[in-house]
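Trainee: Could we go through the charged pairs in this one together? I'd like to get my bearings.

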Amino acid sequence: MSEVDVLFATLRQAADPQTVECIENVVKHGVDRDLNRINALAFADKHHLDEEKTIAAFLHAARIGAFEMTWNVLCPGCGGVLDSGATLKGVNQDTYHCALCAAGYEPTLDEMVEVTFTVSPRVRRIAAHEPDRLTPLEYYRQIFFSSGVDLPEDLEAKFDRILLEMIELAPGEKAFVSLQLPAQFVIIFDAVTHSAQFIDVQGEPTGERQNLSMVISRGHALNETVTLRPGTLRLTLENHTDRRVVPNVCIAGDDLHELLGRRRAFLTAKRLLTNQSFRDIYRTDTLDVDQRLKITSLTFLFTDLRGSTALYERVGDLAAFDLVRAHFRVLHEIVATEAGAVVKTIGDAVMATFPSPDRAVAAALRMREAMRRLNAEHGSEDLLLKIGIHEGPCLAVNLNDRQDYFGQTVNIASRVQGLADPNVIMTTETVVEDAHVSEILRDGGIVSASRMAELQGIGHEVRIFALS
């Protein structure tokens, strides 16, 4: 049995066999491009697989060394990859600048950091393992643009409509290019260094030759926009780096915007951090102690057992422990199947996160029903579960050697749970106003009653909703 066979046999023991079989088939028979920076959500959609099982399979594959996991910081404008690293710890800048868009962005884990998977060289060698050997256009497709940009299969034909010139420059090489400038906005851009030069071409055409020089270096430089006239341009390009560069000159018009505007869902860092498989596999290797990464929207669910102390006195330590452990097992299973993750347990309480409010509400409804079933099986009302949900911005942090969350959103969610009665799910307005949550409540015949409440440590009243 080969090393690859051993790896996939190991993977089948840890992940969904059908998903693993599909991944193995692509490894053996897919084209190189299919195995570089794999978008797990697009992979699941293309092969009709469950998203959560697909994410889990790639996570396990990365853990055993069959794939390499990469965290890419993205430009929300053009979808280009601004920085890349093997862990989330590499996202350590306050601002990331995109030369192509001439803009700077504060990184958030919602839409600006993607997680992709590339097959390991020990499993199969692909062209992207040596990116400088990719053709220029394939470099743009496979290395510069994120997996969230839905580039067409006929990218070359579509890019030809806007491309004035594209060349390769070896380290230290200089090139002279002659081209005709149309009366449009033109960009010179190199995907390797992210160097850019904008040209505003306007006015009457000229018969005189115009000259422009551009030095491509490691500084991710953006030069000020120059104004030229339609006509002949003699462009000098110099590569001051130690690797190949692939500058292109293109028209920045509607065709370019349409090409880059095609987007698809991708695996965000936020979603991965709220994934139970990820938390189980990468428990202590996510964030540095001094990192504080913003998430603009995350949903928190808190649970607690009412009267658990009395339960231990009433039925005895052993019976109560078994019952409480059964309750934890059920809650963990429900959280995981609703794309969430248990952040921590405190006594008999659970703190969990979900990528969206509807997943949290769906989990809460399932939890309530599961507790009713467990109580019926034991012939008593011993498990009285209190649930609170809130959604909002927060910080992803490292606390006590564990990836955790900090902020007012977390505080409100905890306080809301404290106001809940047994078997009543307590939420805030941001949760019930979510369109998908409204649909869940309507389809389930769930009634909500609202009131204003003062929450300890919160400086204003909060409207809360009891779902019964």
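**Salt bridges, buried and exposed**

Mentor: Let's start with arginine 271, which counts as buried at 17% relative accessibility. Buried means under 20% relative accessible area, exposed over 50% and partly exposed in between, with a 1.4 Å probe and protein chains only. Bear in mind that this is a predicted model, where local features need pLDDT of at least 70, side-chain atom pairs count only at pLDDT 80 or more, and totals for chains, interfaces and linings use all residues. Residues are numbered from 1 along each chain as its sequence is written, and side-chain values use heavy atoms, leaving out hydrogens and water.

Trainee: Which residue forms a salt bridge with arginine 271?

Mentor: A salt bridge is a side-chain nitrogen of Lys or Arg within 4 Å of a carboxyl oxygen of Asp or Glu. Here the closest N and O atoms are 2.6 Å apart.

Trainee: How many residues apart are arginine 271 and glutamate 52?

Mentor: Arginine 271 sits in helix H8 (residues 269-273) and glutamate 52 in helix H4 (residues 51-63). Helices are DSSP runs (H or I, at least four residues), numbered from the N terminus. The pair links distant parts of the chain, and the separation is 219 residues.

Trainee: Is arginine 133 buried or exposed?

Mentor: Its side chain meets that of glutamate 130 in a salt bridge (3.4 Å, N to O). Glutamate 130 is partly exposed at 36%. Arginine 133 has 68% relative accessibility, so it counts as exposed.

Terms used:
Helix = DSSP H or I, 4+ residues; strand = E, 2+ residues; numbered from the N terminus.
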